[in-house]
Amino acid sequence: MALSELIKYEGDNSTFIWKYPHEDFNNMTELVVHESQEAIFFANGQAADTFGPGRYKLDAENIPILTKLINKVTGVSVFHCEVYFINKAVQMAVKWGTDSKVRFVEPTLGVPVELGASGEMNLAVFDGKKMLKKLVGTMKGVSWGTEGADFTKSLQTSFRPLISTAVKSNLSAVIKQQNIDIVEVDEHLSELSECLRAKIVPGFEEYGLTIPQFFLMNIVLPESDSNFKRLRDLHTIGLQKRMAVAEAEVRTSQAQSKASYMTAEAEAEAQIKVAQRGAILEGQTTETEIARREAERKLIQAQAEAQAAQMAGIAEAAVMQAKGYNQKDVLQAEVQKAYAEGIGNMGPDISTGGGSAMSDMLGLGVSMAAMGAMAPQVGKMMKGLNFGNMNSAQTAGGEGQSAQTTQCPKCGNSIPMNAKFCLECGTKIETLAENEMICPNCGKKTPKGKFCMECGQPLANRCPNCGTEVPQGGKFCLECGTKLI
């Protein structure tokens, strides 16, 4: 009996389990295990030990169960055992298929159709001892498709009933659960594959195998079956309806988009117009504000000038009071002087060689007229003066003359009653009704009252210092002598 000196795997990659052909070894024999492999020793029908990748010498240190078999005198012993190599590499593209059609009842119409299913899977060993005990026995190896005297039945033959039963039992149920249209089943092969894998894996794991990937690659549809033709026609009609609905939705969406665009465009145009109008109104408001501020500035300036003139008049009046007289005294002095001059002019007429009372009175009247032109305010004061020897005819004549004249509303000059312009300042004389008057501030006609309807200023002239009403056109207050603006 030959003794083997080196034990190593000599099978191909498609074999899951390979039995080393020799069974007699000694403690000088070496074991070589490659990557993705493991070696299992059986002695006396029991699994002695398992070796992973590496190189080993078969002695008592590596295989404790061999201690009793080694000769203690020589140190060399021959022992009998079986060595199995487990190929743990993943077997790719292992084909599978059902042995008969899968009956499927279409849920919409309730008509039965028969489906064929096939595909591929990847297999790997995850528990070598379990697989040895369950499948190998005393055979020399295990492969997926190989059959012969040296091998047990192939795994394909052994597991075909398990795969076929799992696929037949679950494929129809999964299609219904996922609500998959049978005509469109090819679009759902990936999810169907994962569901079927979950159902099949437990049966393989019982024998120490696992399925990393399971692929349902083909479902054979019964194209010649009349029931299936009806299903395909209904599917075509449903597809056309869905396409029509989709096209209608697209058209509706396009119309809505167009309407939204037009609405947005109209809103943008309206906003632009609003902005333009706002800019115009803002410009007009700015111009109005500028004009208003300019008017306020002029009003403030006029008020300042009036206040300055008022203060000047008050200062002048204070100086006069400090000197012991006021403007009234000055006016009375001027009136007395004019009266004296008029009396002095009463005498013999040089041109006629004599004089008369009438010529003297005319001279006095000329002097008084000159005085009236110089200071319109003297008119009221003259009414209080006593001219002595003036007869009633002359007084009547004076009243008649006064009734035929009026005063200019601007400068106060005496003008004929029917004059249309002032001979002194050229101001146009307005014809006044009985209830009308001329505003002393703006010079325009206004109904008689307390305020002018044109400029809003008070119609009565009053002294800013003492508040006494003064005659129209007067330049000084007759009460305190303040200069009027």
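Predicted model: local features only at pLDDT ≥ 70, side-chain atom pairs only at ≥ 80, totals over all residues.

Biologist: Which residue does R297 pair with?

Modeller: R297 forms a salt bridge with E294, and their closest N and O atoms are 2.3 Å apart. These two sit three residues apart in helix α4 (residues 226-323), so about one helical turn separates them.

Biologist: Is R297 buried, exposed or partly exposed, and what about E294?

Modeller: R297 has 42% relative accessibility, so it counts as partly exposed. E294 is partly exposed too, at 32%.

Biologist: OK, new spot. Which parts of the chain does the pair of R55 and E30 link?

Modeller: The side chains of R55 and E30 meet in a salt bridge at 2.8 Å, N to O. That pair links distant parts of the chain: R55 is in strand β7 (residues 54-57) and E30 is in strand β4 (residues 30-33), 25 residues apart.

Biologist: And how accessible are R55 and E30?

Modeller: R55 is exposed, with a relative accessible area of 57%. E30 has 29% relative accessibility, which makes it partly exposed.

Biologist: What about K19, buried or exposed?

Modeller: K19 is buried, because its relative accessible area is 12% and the cut-off for buried is under 20%. Its side chain meets that of E23 in a salt bridge (3.2 Å, N to O). E23 is partly exposed at 23% relative accessibility.

Biologist: Let's switch to the rings. How many aromatic pairs are there?

Modeller: There are ten aromatic pairs. One of them is F159 with Y207, an edge-to-face pair with 5.5 Å from centre to centre and 90 degrees between the planes.

Biologist: Where do F159 and Y207 sit in the chain?

Modeller: F159 is in helix α2 (residues 155-177), while Y207 is in the loop between α3 (189-205) and β14 (209-220). They are 48 residues apart, so the pair links distant parts of the chain.

Biologist: And are those two buried or exposed?

Modeller: F159 is buried, at 2% relative accessibility, whereas Y207 is partly exposed, at 26%.

Biologist: Which residues do ring pairs link into a cluster?

Modeller: That would be Y9, W18, Y20 and F85.

How values were computed: Residues numbered from 1 in each chain as written. Heavy atoms only, no water. Phe/Tyr/Trp six-rings, centres within 6.5 Å; stacked < 30°, edge-to-face > 60°. Helix = DSSP H or I, 4+ residues; strand = E, 2+ residues; numbered from the N terminus. Buried < 20%, exposed > 50% of the residue type's maximum accessible area, 1.4 Å probe, protein only. Salt bridge = Lys/Arg side-chain N within 4 Å of Asp/Glu carboxyl O.
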